Amino acid sequence: MTKMLTTQTYRDKKKIGEILEMIRKRSSKKIRLMEVCGGHTMAIHKFGIPGLLPKNVILKSGPGCPVCVSDQKFIDRAIAIARKEDVILTTFGDLIRVPGSTSSLEKERAKGCDIRIVYSSLDALKIARQNPEKRVVFLGIGFETTAPTSAATILKASKSKIDNFCLLSAHKIMPPAMEALAFDGIRIDGFIGPGHVSTITGSGIYQILADNHGIGCVISGFEPVDILQSILMLINQKEQGEPKVEIEYSRAVKPKGNEKAQRIMEEVFYLSDDCWRGFGDIPMSGLKIRKKYARWDAEKVLHVTVEKTRYKKGCICGEVLKGKKSPTECRLFKSACTPATPIGACMVSSEGACHAHYLYGNGKLL
Amino acid sequence: MCLSVPAKILSIKDDMAEVSVNGVRLEVSLQLVDKAKPGDYVLVHTGYALQILSDEDVTLANKFMEHESPNST
Amino acid sequence: MLITYMEMENSYKITLNHGSGGKMMHELIDSVFLNSFSNGKMIQQTDSAIIKNASTHHAFTTDSFVVDPIFFPGGDIGKLAVCGTVNDLAVSGAIPEYLSCGFILEEGLELGELLIIVHSMAATARVAGVTIVTGDTKVVPKEKCDKLFINTSGIGRVSDENLELGTGNLVEVGDVVILNGGIAEHGMAILCEREGINFHSGIESDCAPLNHLIHEILSNDHGITFMRDATRGGVATVLCELSKSRKLGVEIWENEISIRENVASACEILGFDPLYVANEGKFISVVKAGKAGQVLEKMKAHELGREAKIIGKVVDNNPGLVVLETSIGGKRVIEPLAGEQLPRIC
């Protein structure tokens with residue numbers, strides 16, 4: 001019935017102790033590893049992993065937070081849409097506090113806009129079915145883990161002829177951003193690969209990083225044993241001088257991924273250039289809705305005037321996202337910029353590096 | 001980007017399944033997976049099953065560690 | 001950061017975060033309420049105000065209840081209204097005696113629903129051994145409130161030796177932290193009933209009057225230095241407030257904090273941290289190390305304390321910070337909540 005807070009196998013202290021011992025034994029040089037998945041950012045901080053690692057193993061947080069990398073224009077557009085009389089705006093909770101140029105969805109809700117938090121795009125579809133006189137707009141954020149779910153919901157809307165539902169897509173794919181980091185000269189010895197993105201995509205998409213840039217990738221699960229095992233595997237690659245793509249999270253990730261989900265994504269979305277906060281434009285990195293499904297594309301069916309984008313001064317979210325700076329190097333961190341009064345998305349988003357750092361400290365405690 | 005949890009399929013109707021995450025029951029869509037059946041464990045993300053989880057628990061690291069435990073010379 | 005006059009003049013709007021028990025709520029209280037009402041008692045910001053007299057001291061408290069939905073697994077807004085105020089008195093060391101209740105009813109509310117709620121209040125008051133002695137009712141037009149809101153105020157007597165229990169002023173390094181049972185049940189029970197979350201969790205609110213349990217442990221020479229109930233903002237918020245006000249460190253151990261399996265799962269699915277989720281039948285007590293054993297034994301003998309455990313201790317390192325030792329032996333800082341916790345997908 002009632003149990004201790006955690007007792008699962010992948011949190012087994014003994015096993016963790018063994019892996020940490022191996023890490024200490026095997027890592028002789030400094031090694032910089034980057035995770036590119038918000039879920040990993042949170043898990044690493046939640047379990048206090050940085051403090052358990054030897055000093056030569058450095059973990060950096062990359063652009064794994066889809067909220068953080070969504071350009072401010074997206075929020076401004078969402079706000080403009082929410083302000084329309086006949087619109088119910090539905091969103092994942094992650095977006096509600098992200099600051100736009102002059103407002104946020106939370107502030108707009110306080111002013112009376114119909115903005116609802118949902119757990120699934122299917123809930124948004126349900127709201128559309130129940131409110132035929134309204135237009136229900138769902139904000140589609142997320143990488144390859146979430147994009148197929150949005151695609152499937154559009155297919156369902158199409159099949160069920162629910163025409164008052166539409167999606168505003170800010171979906172993106174991971175590999176171009178990871179490559180952009182490599183091209184940017186970022187000093188990483190290996191990537192802790194995104195576990196759930198990879199259940200969809202499979203492992204092949206990271207091969208180019210190992211082949212062209214000498215940066216290995218170990219696709220990791222989210223429990224402490226997973227993360228530590230993946231770190232060990234990356235250390236091993238570095239010590240042997242053999243960058244490659246490996247799957248630690250084999251219980252969920254197959255080398256080919258989920259081909260059905262890939263087909264569904266392909267059916268509904270096409271690749272397009274997209275703007276990433278902190279990176280600028282990255283070619284062929286965003287997912288837009290195909291003409292065939294234009295009826296469910298909020299960009300096509302809704303015409304709104306979006307205010308001019310104004311970026312906040314002093315915010316270095318871009319540098320933090322690229323792993324070039326840590327949150328504590330931002331002069332706004334914990335002073336002007338806190339979860340209650342966020343300046344940039346890295347603080348607002350619960351999985352943003354700044355937010356995780358604010359909540360969980362840096363693990364290497366006093 | 002990936003808050004997903006493992007869930008056990010209790011029953012299936014059309015393309016929806018009732019699953020249980022340690023006692024919490026919810027409905028998820030099976031649109032993204034093939035050949036799921038009651039008793040299978042699936043990874044659930046925002047109301048969809050993303051993948052059927054396998055029993056395979058042995059990772060390369062595990063194999064690696066079996067050969068090189070801290071006690072081995 | 002307090003709300004500035006400029007913000008007040010520039011139509012600063014209240015958001016849901018101002019009610020969530022976190023930093024923003026405190027800023028609102030400081031900037032607006034304390035500023036206007038300033039007096040020594042309110043500035044204490046404890047669960048009940050202690051009013052000292054030559055002969056008898058009293059604790060006096062008030063709380064308003066706006067929970068949605070008004071009926072939830074394990075209780076209803078009425079039961080909550082009685083328990084909430086009874087518990088605020090009890091954790092301040094008082095014996096709760098009398099309650100008032102004020103109702104704001106929405107036009108169109110079903111009388112049947114109101115009757116169930118009022119009967120529930122009466123039953124809970126009987127269990128708690130308190131008397132509802134006065135009340136008020138107002139009706140507002142449709143949509144001016146959400147079905148009904150209830151305010152309860154309560155008064156009870158406090159003895160000399162218990163006057164400081166709510167303030168934390170007696171807490172010292174070496175004291176241990178005790179929690180009387182599993183966390184996050186109330187908050188998750190409510191959340192799982194809300195629209196947009198279609199779960200069947202089987203989670204029930206832990207809403208219960210704690211005064212009898214607390215009475216058992218407040219024997220002579222009890223060794224208890226602090227008590228607070230872990231309502232909005234959860235266990236984390238109580239401990240953050242304590243460590244900050246006393247400028248002491250608090251260390252807690254994740255492996256000692258109990259949580260039901262289904263509650264933990266619901267938190268995982270939605271991305272909630274259970275340490276910050278509301279409870280309505282759980283309280284933190286800080287106890288002198290030498291007395292902890294006997295306090296624990298007395299708690300466990302009571303049905304609302306069966307799963308009581310020592311979950312941490314007061315330390316002198318990291319003053320002002322609450323540090324959690326994670327289930328795997330790592331460490332992380334537990335920061336105060338900024339605003340509402342939101343379901344997340346990432």
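This is a predicted model: local features need pLDDT of at least 70, side-chain atom pairs count only at pLDDT 80 or more; totals for chains, interfaces and linings use all residues.
**Entry 1: α6 and α7 of chain A**

Helix α6 covers residues 121-130 of chain A and helix α7 covers residues 147-159 of chain A. I read an angle of about 25° between them, with the axes 9 Å apart. Angles under 35 degrees count as roughly parallel, and α6(A) and α7(A) are therefore roughly parallel to each other. The crossing of α6(A) past α7(A) is right-handed. On the α6(A) side I noted A:S121, A:L122 and A:L125 as the residues in contact. On the α7(A) side the contact is made by A:T149, A:S150, A:T153, A:K156 and A:A157. Sorted by class, this contact has three nonpolar, four polar and one charged residues.

**Entry 2: α4 and α5 of chain C**

I then turned to a helix pair in chain C. Helix α5(C) spans residues 111-128, and its axis comes within 7 Å of the axis of α4(C). The two axes cross at roughly 30°. Here α4(C) passes α5(C) in a right-handed crossing. From α4(C) I listed C:I77, C:G78, C:K79, C:A81, C:V82, C:C83 and C:V86 as contact residues. Their partners on α5(C) are C:I117, C:V118, C:S120, C:M121, C:T124, C:A125 and C:A128. By class I find 10 nonpolar, three polar and one charged residues in the contact of α4(C) with α5(C).

**Entry 3: C:G93**

Next I looked for C:G93, which sits in the loop between α4 (77-90) and β5 (94-106) of chain C. Is C:G93 buried or exposed? I counted 26 other C-beta atoms within 10 Å of C:G93. The cut-off for a buried residue is 20 or more, so C:G93 is buried. Leaving out residues up to four places away in sequence, C:G93 touches C:V158, C:N162, C:L163, C:L165, C:G166 and C:L218. I also checked C:G93 against C:A59: they are 34 residues apart in sequence, and their C-alpha atoms are 8.3 Å apart in space.

**Entry 4: chain C overall**

I find 10 helices and 16 strands in chain C. Chain C has 346 residues, and 52% of them are buried. I took the contacts in chain C between residues at least 6 apart in sequence; 83% of these join residues at least 24 apart.

**Entry 5: the largest nonpolar core**

The largest nonpolar core has 236 residues. Which residues have the most contacts inside it? I find B:A49 and C:L239. I followed up C:L239, which touches C:V250, C:I252, C:I284, C:V322 and C:I334, residues up to four places away in sequence not being counted.

**Entry 6: chain B and its side towards chain A**

I went on to chain B, which has one helix and five strands. Read from the N terminus, its elements run β-β-β-β-β-α. Of its 73 residues, 42% count as buried. For contacts in chain B between residues at least 6 apart in sequence, I note that 31% join residues at least 24 apart. Where chain B touches chain A, 26 residues of chain B are in contact with 39 residues of chain A. The elements of chain B that give two or more residues to this side are β4 (41-45), β5 (48-52) and α1 (60-67). I sorted the residues on this side of chain B into 13 nonpolar, 10 polar and three charged.

Definitions and conventions: Residues are numbered from 1 along each chain as its sequence is written. Chains are lettered from A and ligands numbered from 1 in the order in which they are written. Axes are lines fitted to C-alpha atoms, for helices over the stretch in contact, and angles run from 0 to 180 degrees between N-to-C directions. Helices (H or I, at least four residues) and strands (E, at least two) are DSSP runs, numbered from the N terminus. Angles under 35 degrees count as roughly parallel, over 145 as roughly antiparallel, 65 to 115 as roughly perpendicular and the rest as oblique. A crossing is left-handed if the near helix is turned anticlockwise from the far one by less than a right angle, and right-handed if clockwise. Two residues are in contact if their C-beta atoms, placed from the backbone, lie within 7 Å. Ala, Val, Leu, Ile, Met, Phe, Trp, Tyr, Cys and Pro count as nonpolar, Asp, Glu, Lys and Arg as charged, and the others, Gly among them, as polar. A residue is buried if 20 or more other C-beta atoms lie within 10 Å of its own, exposed if 12 or fewer, and partly exposed in between; C-beta atoms are placed from the backbone. A nonpolar core is a set of buried Ala, Val, Leu, Ile, Met, Phe, Trp, Tyr and Cys residues joined through C-beta atoms within 7 Å.
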